[in-house]
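We will walk through a few side-chain contacts, one stop at a time.

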Amino acid sequence: QVQLVESGGGLVQAGGSLRLSCAASGRTFSSYVLGWFRQAPGQEREFVASISWSNVSTYYGDSVKGRFTISRDNAKNTVYLQMNSVKPEDTAVYYCAAVSSKVRVGVLRRPGEYDYWGQGTQVTVSS
C-alpha cells in the first residue's frame, strides 16, 4: 500500500512558477513509477508527467513539455513537479499517482494504469 499526499498548490500569475510536492508512505517507494495528472472542471483527467522507478526516464504531456519538470527524491519518498512559465490553461487540480514497477513499466499515460492516487492540490493561474 502507498499513500500519497500532494502539497504546494495555490494561486500564481501567468508566467510564474510553482513547485508541487507529493509525499509518499511505504518502504518500497523507490520501486514505484510515479506520475502527475491534472483535471480541470468538466474535463477528463490529463497526463502531465511521469518518472521511472530508476529515475532515469521522464515523460511529459505535449501541453507541458519544455515548461514542467518531474523529479523524485527516493531518500525523502517525494516526487516533485516544477512548473515554469505557467499559463491560465494550466489551472486544474493536480494529482500524483503511483504504480509498482513490478506491475507496470514504460510510458504510463493513462489514469487506469496507476493504482494509487493522492487527494489532489488546486493550482490556479491568473491572467
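Select aspartate 62 and lysine 65: both are exposed (over 50% relative accessible area; buried is under 20% and partly exposed lies in between, with a 1.4 Å probe and protein chains only). Their side chains meet in a salt bridge, 3.2 Å from N to O; the term means a side-chain nitrogen of Lys or Arg within 4 Å of a carboxyl oxygen of Asp or Glu.

A word on the model: it is predicted, with local features needing pLDDT of at least 70 and side-chain atom pairs counting only at pLDDT 80 or more, while totals for chains, interfaces and linings use all residues. Residues are numbered from 1 along each chain as its sequence is written, and side-chain values use heavy atoms, leaving out hydrogens and water.

Next, pick arginine 38 and glutamate 46, a salt bridge with its closest N and O atoms 2.8 Å apart. Arginine 38 is buried at 5% relative accessible area, whereas glutamate 46 is partly exposed at 31%. The whole structure holds 6 salt bridges.

Which cysteine does a disulfide join to cysteine 22? Select cysteine 96: the S to S distance is 1.9 Å, and a disulfide requires two cysteine sulfur atoms within 2.5 Å. The link is right-handed, with 40° about the S-S bond. Cysteine 22 is buried, at 1% relative accessible area, and cysteine 96 is buried at 1% too.
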